[in-house]
Amino acid sequence: MSNVKIGSVVLQSDSIDVVRSLCQQYGIHPSKKLGQNFLVDANIVRMMVEHANLDANDIVVEVGPGFGVLTQEIAKRAKRVVGVELDHKVFHAAQDILVPYNNIDLVQGDILKIPNYDLLCIPSNCRDRDN
């Protein structure tokens with residue numbers, strides 16, 4: 001089980017309380033229209049990462065990283081993770097949560113409108129993108 005640190009508060013990432021707390025803190029109201037579902041089960045995260053067979057040379061594009069629970073585990077194994085988040089409030093929450101990881105680049109935008117080449121050529125210090 002991993003923890004998420006927001007300010008001075010440490011929350012367990014496999015708890016629904018994390019999602020509620022983060023939604024409240026960032027003014028997020030999950031949208032059915034956007035198909036927002038936030039991953040909270042650490043066992044599912046572990047299984048997903050294990051089955052991905054990632055190694056230190058992999059570059060992973062994650063669509064909808066949400067609060068970064070899966071993103072953090074991918075980043076521990078892959079060379080680089082590019083997370084593309086459509087919701088600007090969730091994007092800003094993810095930025096705050098994922099600060100400790102220097103191999104994660106977050107892009108705020110619609111994955112369907114971003115050319116693949118642009119995703120792979122984002123400099124490491126890029127944290128935002130206009131549509």
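Helices here are DSSP runs of H or I at least four residues long, numbered from the N terminus. The model is a predicted one. Just after helix 2, Asn53 takes a positive phi of about 50°. That is a positive value in a residue other than glycine. Asn53 belongs to the loop between helix 2 and strand 3. Asn53 counts as exposed, because its relative accessibility is 62%.

Now step back into the helix itself. Helix 2 covers residues 42–52, and its buried residues are Ala42, Val45 and Val49. They lie on the same side of helix 2, because they cover an arc of only 55° around the axis. On the other side, Glu50 and His51 are exposed. Helix 3 (69–75) is included in what covers the buried residues of helix 2. At the start of helix 2, a side-chain oxygen of Asp41 comes to within 2.8 Å of the backbone nitrogen of Asn43.

Next, the aromatic residues. The structure holds 1 aromatic pair. It is formed by Phe38 and Phe67, whose ring centres are 4.6 Å apart; their planes meet at 20°, so the pair is stacked. The pair links distant parts of the chain, 29 residues apart. Phe38 sits in the loop between helix 1 (16–26) and helix 2, while Phe67 sits in the loop between strand 3 (59–63) and helix 3. Both Phe38 and Phe67 are buried.

Phe67 leads on to the core. The largest nonpolar core has 27 residues, and Phe67 is among those that touch the most other members, along with Ile28, Ile74, Leu98 and Ile104. Helix 1, helix 2, helix 3, helix 4 (88–97) and strand 5 (104–108) each give two or more residues to this core. Another core lies apart from it, with 5 residues, among them Val82, Val84, Val107 and Ile114. What does Phe67 contact, leaving aside its neighbours within four places in sequence? Its partners include Val19, Leu22 and Cys23, as well as Ile28 and Phe38. Gln72, Val90, Ala93 and Ile97 are also in contact with Phe67.

Follow the chain to strand 4 (residues 80–85), the place of Val81. Val81 counts as buried, because its relative accessibility is 0%.

The structure holds 4 salt bridges. One of them joins Asp17 to Arg20, with the closest N and O atoms 3.7 Å apart. Asp17 and Arg20 are separated by about one helical turn, because they are 3 residues apart in helix 1. Asp17 counts as partly exposed at 48% relative accessibility. Arg20 is exposed, with a relative accessible area of 55%.

Which residues are linked in a network of salt bridges? They are Glu73, Lys76 and Arg77. Lys76 pairs with Glu73, the closest N and O atoms being 2.9 Å apart. Arg77 also forms a salt bridge with Glu73, here with the closest N and O atoms 3.5 Å apart. Glu73 counts as buried at 13% relative accessibility. Arg77 counts as partly exposed, at 37%.

Definitions and conventions
Residues are numbered from 1 along each chain as its sequence is written. This is a predicted model: local features need pLDDT of at least 70, side-chain atom pairs count only at pLDDT 80 or more; totals for chains, interfaces and linings use all residues. Side-chain values use heavy atoms; hydrogens and water are left out. Buried means under 20% relative accessible area, exposed over 50%, partly exposed in between (1.4 Å probe, protein chains only). The arc is that of the directions from the helix axis to the C-beta atoms. Contact means heavy atoms within 4.5 Å. A polar contact is a pair of N or O atoms within 3.5 Å; within protein, one must be able to donate a hydrogen and the other to accept it, and residues adjacent in sequence count only if both atoms are side-chain atoms. Rings of Phe, Tyr and Trp (its six-membered ring) pair if their centres lie within 6.5 Å; planes under 30 degrees apart count as stacked, over 60 as edge-to-face and the rest as tilted. A nonpolar core is a set of buried Ala, Val, Leu, Ile, Met, Phe, Trp, Tyr and Cys residues joined through side-chain atoms within 4.5 Å. A salt bridge is a side-chain nitrogen of Lys or Arg within 4 Å of a carboxyl oxygen of Asp or Glu.
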